[in-house]
Amino acid sequence: MVEPVALEHFFLFFFAAALVIFAALGYALTYSFARLYQKRSLLYWAGLAYGVLTVSVFWLAYLANLHGFWSILVGMLLVGYGLAPVLIWHLCVATHD
Amino acid sequence: MTRPLDSSNLNDGQKLAVKYFVVAVILFFAQLVFGMLAGIQFVHPDFLYGVLDFNVNRMVHINAMIVWMLYGFIGSVYWFLEEESGREIAGLKLGNLGFWVLTAAVTVVVAVYLLVQVGPGNDFTRWFINEGREYIEAPRWADIGIVVVMLIFFYNVAVTFSRGKWSGIAGVLTLDLVALAGLYLAGMFYVTNISIDQYWWWWVIHLWVEATWEVLVGCIMAWTLMHLLGVRRKIVETWLYIEVALMFGSGILGLGHHYFWIGSPEYWLAIGGFFSALEPIPLVAMVVHSIYDSGVHKLRNRNHPALAWVIAHAFGNFLGAGVWGFMHTLPQINLYTHGTQWTASHGHLAFFGAYATINIAFFYLAVQRWRGDVWMGANLVGGWRWKWALGLLSLGVIGMTMALLIAGYEQSFIERAMGGSTWSAYFAGQNHPWFVESMVWRMIFGWVTIAGFGLLVWDLLVIGKHEVRPAETLLEEPALVHG
């Protein structure tokens, strides 16, 4: 059985979950714009967004009481989300050629 | 000089589509009216009590939403069927018959909902009055009618394509229509075990809406992008396959997040949680791809209102389905949030973002052709109307979403987490100032939404009427120079 979110973590959980998605969006946006306009500075922002994503994902995992095997899965998902915009960009280029 | 709506500009499939669009708009209005009545009853519980009860208003509100969106999708497919297949629609008379049967059935079902609000729970009720299952309350005779009409729709599409040209869009669409008719059957039988019954009920609610509808929207979007932006067929079809794969990969087992608390085996907690976490991936793909496309096209298009609604679709889908969905989808928090106004908050933004927006975008494409491919680009005569309609509808829905979010947070905290879901905790949650004030704000933003709808209808009726310029001609898209 899963361990529910603690009462005192209630608001933090919603906040962390929203932050995960917004940070993922920020990462995807800044990475794509960096590639589109060939601006290296935007890649730093993408790195920052990914950093926020990493913190928020592990924060969410902590608040959701995800331990052991689940923390490994969380790490794998994080790596997957890191690669996703890169792969999708390559797919865009390949399919538009 | 004015340009009237002239049906001689349309092929037979498009003439049939227009009928579907007209009923879709009427049902859209019904959705808003009954939603407002239910919203008023949250603030003034005595309003229409005993005449038109809350449960009836809510039921018609949700049923009208499902049906108007379905009408919009069916109409959109009929709209592009002849152009996509390169031949005349097969079984047009049958298609017209299907339209009238479905429309008559919808009218009778709603009339019965309103006239027979209370009755015994027996087989007669199930067959002729109300099936009793939330969201799919239509009685059994109407269920059968819906499946028959879906099969007619499938016949029109499959036979037209098989006699004409097959394409990637045609293949995905035809297979999806099999699922559209087939999955509805899962909601047409009863078992006495409530957990098993709910298990199959969710197949209709989740897989019908979140899988088959999403694929249908993918096909409609693929065709729309070719005609709106001039995107090459090879590109949209490749991306249609990618999106369908991503959507099915995460969405089918994402169904598990509905199985958390219905008495299903415990492994659904892990499956539902994990695949729900994957569900935002197609949305991330959508973000990256749309930025790539904006770099290729510089947003050059032949219909500004339609493109604006497509952009609203991208944002609305991301926020409504992605952010609002993920915030409460993991079982550790869903234990408290499921069935509260949190769900309603997510539902309002997700349905608007994922489905209402793309239907409205298509209405604008249809009106453009109906007026003889009139100009709908920059400096459009009366262009303020579509912008205000977009703004008011979006503001209204986002306002309702935020109000419901606060109410849902309060409910899940006070009623569920602190009060332990007892009867007294339920009332404590319902009477809390946060909840009551949120309902007032929801009602106010409901009126904003209705104002936006009024403006939208006005605009659809007159847009392009005073334009003399023809629609912009698009060149086939170039590749991005640097990648």
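Chain A of this predicted model has a radius of gyration of 16 Å, whereas a compact globule of 97 residues would have one near 13 Å. Along the principal axes, the C-alpha atoms of chain A fill a box of roughly 50 × 25 × 15 Å. The secondary structure of chain A consists of three helices and zero strands, and the order along the sequence is α-α-α. Of the 97 residues of chain A, 38% count as buried. Among contacts in chain A with a separation of 6 or more, 63% join residues 24 or more positions apart.

The C-alpha trace of chain B spans about 65 × 50 × 45 Å along its principal axes. Chain B contains 16 helices and zero strands. Of its 483 residues, 52% count as buried. Residues 24 or more positions apart make up 80% of the contacts in chain B with a separation of 6 or more.

Confidence was examined for each chain and for the model. The mean pLDDT of chain A is 89, with 99% of the residues scoring at least 70. Within chain A, helix H2 (residues 40-63) has the highest confidence, at 94, and H3(A) the lowest, at a mean of 87. Chain B has a mean pLDDT of 91, and 98% of its residues reach 70 or more. The model scores are ipTM 0.82 and pTM 0.92.

The contact between the chains takes 36 residues from chain A and 36 residues from chain B. On the side of chain A that touches chain B, helix H1 (10-37) and helix H3 (69-96) of chain A are the elements that give two or more residues. H1(A) gives the most to this side, with 15 residues. By class, the side of chain A that touches chain B has 29 nonpolar, five polar and two charged residues.

A:Val5 lies in the segment before H1 of chain A. A:Val5 counts as buried because 23 C-beta neighbours lie inside 10 Å, the cut-off for a buried residue being 20 or more. Leaving aside residues up to four places away in sequence, A:Val5 touches A:Phe10, A:Phe13, A:Leu63, A:Ala64, B:Gln332 and B:Ile333. A:Val5 and A:Leu29 are 24 residues apart in sequence, and their C-alpha atoms are 31 Å apart in space.

The domain assignment of chain B gives domain 1 (1-165) and domain 2 (321-474). The centres of domain 1 and domain 2 of chain B, taken over C-alpha atoms, are separated by 20 Å. In the contact between them, 26 residues of domain 1 of chain B meet 26 residues of domain 2 of chain B. Helix H1 (12-43) and H2 of chain B each supply at least two residues of the side of domain 1 that touches domain 2. The largest share of that side, 14 residues, comes from H1(B). The residues of the side of domain 1 of chain B that touches domain 2 of chain B comprise 18 nonpolar, six polar and two charged.

The largest nonpolar core has 185 residues. Those with the most contacts inside this core are A:Val20, A:Ala24, B:Cys219, B:Val287 and B:Val288. Helix H2 (residues 54-85) of chain B gives the most to the core, with 19 residues. At least three residues of the core come from each of domain 1 (1-165) and domain 2 (321-474) of chain B. In soluble globular proteins, nonpolar side chains tend to be buried together. With residues up to four places away in sequence not counted, A:Val20 touches A:Leu53, A:Ser56, A:Val57, A:Leu60 and B:Phe326.

B:Trp100 is placed in helix H3 (residues 92-115) of chain B. B:Trp100 counts as exposed because 11 C-beta neighbours lie inside 10 Å, and a residue is exposed with 12 or fewer. B:Trp100 and B:Val149 are 49 residues apart in sequence and 9.8 Å apart in space, C-alpha to C-alpha.

Terms used
Residues are numbered from 1 along each chain as its sequence is written. Chains are lettered from A and ligands numbered from 1 in the order in which they are written. A nonpolar core is a set of buried Ala, Val, Leu, Ile, Met, Phe, Trp, Tyr and Cys residues joined through C-beta atoms within 7 Å. Helices (H or I, at least four residues) and strands (E, at least two) are DSSP runs, numbered from the N terminus. Domain bounds come from an automatic or database domain assignment. Two residues are in contact if their C-beta atoms, placed from the backbone, lie within 7 Å. Ala, Val, Leu, Ile, Met, Phe, Trp, Tyr, Cys and Pro count as nonpolar, Asp, Glu, Lys and Arg as charged, and the others, Gly among them, as polar. The radius of gyration is taken over C-alpha atoms; the globule rule is 2.2 Å times the number of residues to the power 0.38. pLDDT is the predictor's confidence in each residue, from 0 to 100.
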